[in-house]
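Me: I'm new to this structure and would like a close look at one part of it. Could you walk me through how the helices there pack together?

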Amino acid sequence: FLGGMVGASFHDFMSRLFQIAHASTFELADVQAYAIVGAAGVLSALFKAPITGSLLMFELTRDYEVLLPALASAGVGSVIGDIVEKALEETRRDRDAVSW
């Protein structure tokens, strides 16, 4: 749900940005596509399983056009999740010198 809402909000932000810039040559995809890509990214970041996250979203929707963006989003989400977890682990280790 969180990923779907982030994707839908990103769609709304981009559509308003293109309306402000008067860029009528660009055509955005539907809100559903952005929600699927966002859900795949968040699922992959939380569970550290990028292929599982993107294929689960593909199995739910059977939309071939969203598979490649979902894979890209899942990969980026997984990498960002690893970076954030490593940073949090280092700060936790610095605070607790006894157990390390």
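**How the helices pack**

Reply: Happy to. Let's begin with helix H2 (residues 31-47) and helix H3 (residues 50-61), which pack at an angle of about 145 degrees, with their axes 8 Å apart. Keep in mind as you look that this is a predicted model. The crossing of H2 and H3 is right-handed.

Which residues bring these two helices together? From H2 come Ile36, Ala39, Ala40, Leu43 and Ser44, and they meet Pro50, Gly53, Ser54, Leu56, Met57 and Thr61 in H3. Sorted by class, this contact of H2 with H3 has 7 nonpolar and 4 polar residues, and no charged ones.

Now follow H3 to its contact with H4. The axes of H3 and H4 come within 8 Å and cross at roughly 150 degrees, and this crossing, too, is right-handed. On the H3 side you will find Pro50, Ser54, Leu55 and Phe58, while H4 brings Leu67, Ala70, Leu71, Ala74, Gly75 and Ser78. The contact of H3 with H4 has 7 nonpolar and 3 polar residues, again with no charged residues.

Next, look at H4 itself. Helix H4 (residues 67-95) has 29 residues and reaches 42 Å from its first C-alpha to its last, close to the 42 Å expected at 1.5 Å a residue. Its buried residues are Ala70, Ser73, Ala74, Gly77, Ser78 and Gly81. What covers them includes H2 and H3.

Is Ser73 buried or exposed? Ser73 counts as buried because its relative accessible area is 19%, and the cut-off for buried is under 20%. Leaving aside residues up to four places away in sequence, Ser73 touches Val37 and Gly41. Both of those residue numbers fall within the range of H2, residues 31-47.

Finally, how confident is the prediction? The protein averages a pLDDT of 85, and 94% of the residues score at least 70. Confidence is lowest in H3, at a mean of 85, and highest in H2, at 89. Where pLDDT is low, the predicted coordinates should not be read in detail.

Terms used. Residues numbered from 1 in each chain as written. Predicted model: local features only at pLDDT ≥ 70, side-chain atom pairs only at ≥ 80, totals over all residues. Heavy atoms only, no water. Axes fitted to C-alpha atoms, helices over the stretch in contact; angles between N-to-C directions. Helix = DSSP H or I, 4+ residues; strand = E, 2+ residues; numbered from the N terminus. Left-handed = near helix turned anticlockwise from the far one by under 90°. Contact = heavy atoms within 4.5 Å. Nonpolar A, V, L, I, M, F, W, Y, C, P; charged D, E, K, R; others polar. Expected span 1.5 Å × (residues − 1). Buried < 20%, exposed > 50% of the residue type's maximum accessible area, 1.4 Å probe, protein only. pLDDT = per-residue confidence, 0-100.
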